[in-house]
Amino acid sequence: MNKSVIKYKTPNADTIEAIREVQQLKNNPDKKTYTSFSELLEEIDTIWRDDN
């Protein structure tokens, strides 16, 4: 972990991009939501099985 990021509380490029991605998702009214983590995992498993 980059100590300067922690010391100066300056986000790096990856963190900035992740924050932007979260902001975009939060503003998307058509985003997929889940009622539980297990529901999310079930969908991932289904997608994975369909792709293989």
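## Capping of H2

A polar contact is a pair of N or O atoms within 3.5 Å. In this predicted model, Asn12 caps the N-terminal end of H2. A side-chain oxygen of Asn12 lies 3.2 Å from the backbone nitrogen of Asp14.

Helix H2 covers residues 13–27, 15 residues in total. Its first and last C-alpha atoms are 21 Å apart, close to the 21 Å expected at 1.5 Å a residue.

## Overall fold and surface

The chain has 3 helices and 0 strands. From the N terminus, the order is α-α-α.

Buried residues account for 0% of the 52 residues. The chain exposes about 5,200 Å². Carbon and sulfur atoms supply 55% of that area.

## Salt bridges

The structure holds 2 salt bridges. One pairs Glu43 with Lys32, with the closest N and O atoms 3.7 Å apart. Glu43 sits in helix H3 and Lys32 in the loop between H2 and H3, so the pair ties together parts 11 residues apart in sequence. Glu43 counts as partly exposed because its relative accessibility is 27%.

Arg49 also forms a salt bridge, with Asp45; here the closest N and O atoms are 3.0 Å apart. The two residues are 4 residues apart in helix H3, so about one helical turn separates them. Arg49 is partly exposed at 48% relative accessibility. Asp45 is partly exposed too, with a relative accessible area of 36%.

## Nonpolar patch

Phe37, Leu41 and Ile44 make a nonpolar surface patch of about 320 Å². Phe37 lies in helix H3, which spans residues 37–51. Phe37 counts as exposed because its relative accessibility is 58%.

Technical notes. Residues are numbered from 1 along each chain as its sequence is written. This is a predicted model: local features need pLDDT of at least 70, side-chain atom pairs count only at pLDDT 80 or more; totals for chains, interfaces and linings use all residues. Side-chain values use heavy atoms; hydrogens and water are left out. Patches are made of residues with over 30% relative accessible area and no salt bridge: like charges are joined within 9 Å, nonpolar side chains (Val, Leu, Ile, Met, Phe, Trp, Tyr) within 5 Å. Accessible areas come from the Shrake-Rupley method with a 1.4 Å probe; for residues, only the protein chains shown count as cover. A salt bridge is a side-chain nitrogen of Lys or Arg within 4 Å of a carboxyl oxygen of Asp or Glu. Buried means under 20% relative accessible area, exposed over 50%, partly exposed in between (1.4 Å probe, protein chains only). The expected span of a helix is 1.5 Å times one less than its number of residues. A polar contact is a pair of N or O atoms within 3.5 Å; within protein, one must be able to donate a hydrogen and the other to accept it, and residues adjacent in sequence count only if both atoms are side-chain atoms.
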